[in-house]
Amino acid sequence: MRPILALVLIAVTSVAATPPERPSADAASRALERVAERYRTLTSYRLEGQGVNEVGSATEKRQQVTSMRFLVHRPGRFASMIRTPEGVQRMATDGDSLWTAVPAIGQYMVRPVSAIRATPEGAQFDRQIDPAAEYAQLLTTVTAVRSLGPDTVHTATGVVRCERYALTLPPPAAGGPEGVTVSPRVLWVDPVSRMVLLDSLRVEQQHPQMGRVYSTSVTRLVVAEPDAKLPDTAFRGPGEDGLRRVRRFSQPSAEHASMERRPAIDFTLETLADGSPVTLSSLKGKVVLLDFWATWCGPCRRWLPIVAQAMRAHAKDGLVVYAVNVREDEDKVRAYLEKQKLDVPVLMDLSGKVGSLYRANSIPLTVIVDRNGDVAKVMVGLHDEADLADALAEVGIE
């Protein structure tokens with residue numbers, strides 16, 4: 001497992017006033033091979049800790065801290081919690097399905113594991129659900145190993161006296177960035193459990209404008225429990241109340257999110273077909289889909305046929321659809337619909353006033369109004385049929 005995030009450079013102090021005699025390089029290699037063997041033979045494990053990632057130069061630095069928890073039962077069962085300053089993400093797989101939940105936006109996804117493995121990201125997925133598996137191959141790409149002597153690491157169960165090892169890594173591949181220096185990777189290993197409790201790495205590079213820049217990384221574990229007894233329930237679903245299942249994560253801007261679960265702003269616009277007025281409030285009792293669009297908008301041209309298809313499929317279910325054209329003349333809109341053979345009711349927002357009320361600064365903008373006249377969903381940009389189907393299902397149109 002590469003350091004999950006980065007470590008601020010830390011000063012480590014030996015527990016002995018006089019450095020003890022260090023094992024030979026061969027002895028250090030044998031010790032790390034025993035660590036690798038431990039990770040190869042694990043049936044399950046629990047890891048909890050923190051990663052710190054820092055990049056900087058002589059004049060500035062940036063740091064990010066991530067908390068994490070991993071539960072793994074080989075083969076194929078996995079659960080995780082990753083907390084960053086942006087929020088929390090939870091994942092779980094029972095070997096058949098993968099659940100991913102983002103509570104901050106109230107959404108979760110479910111994907112078949114077989115479908116994930118059939119994609120180019122399949123190999124990455126297998127590494128993701130067994131994050132400690134890299135330690136099983138510790139010495140594969142290492143050019144030298146040496147012991148740095150003992151040091152202590154604070155864990156959830158107390159202070160652990162560890163052995164430290166420095167692993168010299170191969171130089172950067174030819175053709176990569178020039179002036180890169182990779183310091184030895186340092187591991188703190190619990191000699192009793194043979195689990196890695198702290199893992200650090202530093203990379204430096206000469207930058208033409210910023211001078212010498214660096215990236216430091218560390219993973220510090222407060223729990224590293226081998227062969228942990230993990231309940232089957234740990235690998236089932238997100239376990240979060242109030243989450244909505246989606247096919248992909250999406251988060252509207254704050255201004256659009258603030259429109260949801262509030263009464264839809266009433267308006268009256270004329271239809272393109274015959275100039276008859278349509279007042280939104282008169283449609284209460286039906287589900288209304290408003291698609292703000294224009295003929296010059298490429299994503300709008302791809303989205304409008306999807307909206308028209310939903311209208312044909314669900315008119316009998318009480319769905320009313322209006323494509324609200326923003327600031328274009330009637331002849332241009334009519335010619336476009338005829339050329340594309342699109343039969344969808346169009347409202348003409350000639351002044352753009354209604355578009356402004358609904359914050360259609362970026363189009364297409366889709367607003368779904370429920371039967372009570374409240375805004376149920378705001379969708380910004382181009383989506384696919386499945387996204388629209390999910391949004392309509394939330395208001396009872398299936």
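Tutor: Let us start with glutamate 134, which has a relative accessibility of 28%. This is a predicted model, in which local features need pLDDT of at least 70 and side-chain atom pairs count only at pLDDT 80 or more, while totals for chains, interfaces and linings use all residues. Residues are numbered from 1 along each chain as its sequence is written, and side-chain values use heavy atoms, with hydrogens and water left out.

Student: Why is glutamate 134 called partly exposed?

Tutor: Buried means under 20% relative accessible area and exposed means over 50%, with partly exposed in between (1.4 Å probe, protein chains only). The 28% of glutamate 134 falls in the middle range, so it counts as partly exposed.

Student: What makes arginine 185 buried?

Tutor: The relative accessible area of arginine 185 is 7%, under the limit for buried, so the label applies. Arginine 185 also forms a salt bridge with aspartate 199, with the closest N and O atoms 2.7 Å apart. That pair links strand β10 to strand β11, where aspartate 199 sits, across 14 residues. Aspartate 199 has a relative accessible area of 0%, so it too is buried.

Student: How many salt bridges does the structure hold?

Tutor: There are 15 salt bridges. Among them is the one between aspartate 232 and arginine 77, at 2.8 Å from N to O. Aspartate 232 is partly exposed at 43%, and arginine 77 is partly exposed at 22%. A network of salt bridges also links Glu33, Glu37 and Arg40.

Student: How do you know that the length of helix α1 agrees with its number of residues?

Tutor: The expected span of a helix is 1.5 Å times one less than its number of residues. For the 16 residues of α1 (residues 25-40) this gives 22 Å, and the end C-alpha atoms are 22 Å apart, so the two agree. The buried residues of α1 include Ala31, Leu32, Val35 and Arg38. Their cover includes β7, β8 (158-168), β10, β11 and β12.

Student: Which residues does serine 193 touch?

Tutor: Contact means heavy atoms within 4.5 Å. Leaving aside residues up to four places away in sequence, serine 193 touches Arg38 and Pro226. Serine 193 lies in the loop between β10 (185-189) and β11 (196-207), and its relative accessible area of 15% makes it buried.

Student: Why is the pair of phenylalanine 267 and tyrosine 358 called edge-to-face?

Tutor: Rings of Phe, Tyr and Trp (its six-membered ring) pair if their centres lie within 6.5 Å; planes under 30 degrees apart count as stacked, over 60 as edge-to-face and the rest as tilted. A search of the whole structure finds five aromatic pairs. In this one the centres are 6.1 Å apart and the planes stand at 90°, so it is a pair and its class is edge-to-face. Both residues are buried, and together with Phe292 they form one aromatic cluster.

Student: Which bond joins arginine 74 and proline 75?

Tutor: A cis peptide bond joins them, with omega about -5°. The bond from isoleucine 363 to proline 364 is also cis, with omega near 5°.

How values were computed
Helix = DSSP H or I, 4+ residues; strand = E, 2+ residues; numbered from the N terminus. Salt bridge = Lys/Arg side-chain N within 4 Å of Asp/Glu carboxyl O.
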